[in-house]
Amino acid sequence: HTTQTAMTPSRVTPPRRVVRVRATPPRASSAALARSLREKAARWTTAEPSQACFDLTNCSAEDAQDVVHLIESKENRLCDAQKAIQNSSGVWEVFYMPHIRSIAEPLGMKVAPLRYRFSKDNSIETEVRIQLGSLVDVWLSADGVVCTRPDGNLGDCYIRFDTFDVSRGDDGPPQRNSDSLLTKTINAIGKLFFFEELSRFPVHVFEDDVCVFAFPPLKSYIATYRIQSADD
């Protein structure tokens, strides 16, 4: 009588699957991003502030992503708006404003330059040139004051515009203190359509002559570069 011993099949270990993970390059610091944006903005504009001009529709996807990364590097921490205001005197030019670009680009509209002039007394002058082919070529201006509010957040600054004007493109920005009927009409219309809800701008970045602040009504951001200091 022969006894057969059942053989237990040996376990076969499947080969290990090697998963290669591409290393994510370390994200640049906020200071490095701000410095990079400042250097790019300096190339976009010119040495003379009176001639500096950056078309908002020219901001590349890479440059726009740099702005987003710069905001993210702050981890949603806002700047001290009062300190930003105190150190903002000079001329700033906007180079990133996606909500305006989304309107201008499909229409073939040129929005350039768009500038803010901050004075040490907290007054602000804004001016923008808008061109649409041969149909439209105008400068628009809005002046007022920039401030913080006791009931506001630390990072919130408020801009209250109270004077508005318009001029033809070839004539340059509007001359302030004009008593013309057109100026009075534009001023009245501007005051009619300026709402308090549009005056709050949380400051996310303020360093190395680069300032990025939010425009909450459209959940958008505006990035600016100081092209001229108050002492120049």
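**Figure legends: cavities in a predicted model**

View 1. A cavity is a set of points on a 1 Å grid over the protein atoms alone where a 1.4 Å probe fits but cannot get out. Rolling a probe the size of a water molecule over the atoms shows where empty space is left. The largest cavity holds about 180 Å³ of space, a volume being the space filled by probe spheres set on the points, which are joined across faces, edges and corners.

**View 2. Lining of the largest cavity.** Fifteen residues, written 15 in the count, line the largest cavity, and Ser 88, Phe 118, Cys 157, Cys 211 and Phe 213 lie nearest its centre. Lining residues have an atom within 4 Å of a point. Two or more lining residues come from each of α3 (81–86), β2 (110–118), β5 (156–168), β6 (200–207) and β7 (210–215). The largest share, three residues, belongs to β6. By class, 13 lining residues are nonpolar (Ala, Val, Leu, Ile, Met, Phe, Trp, Tyr, Cys and Pro), two are polar, and none is charged (Asp, Glu, Lys and Arg); the polar class takes the others, Gly among them.

View 3. The chain has five helices and eight strands, where helices (H or I, at least four residues) and strands (E, at least two) are DSSP runs numbered from the N terminus.

**Notes.** Residues are numbered from 1 along each chain as its sequence is written. In this predicted model, local features need pLDDT of at least 70, side-chain atom pairs count only at pLDDT 80 or more, and totals for chains, interfaces and linings use all residues, while side-chain values use heavy atoms, with hydrogens and water left out.

Note on methods. 1 Å grid on protein atoms, 1.4 Å probe; cavity = no way out; pocket = protein on both sides within 12 Å on 5 of 7 lines; lining within 4 Å.
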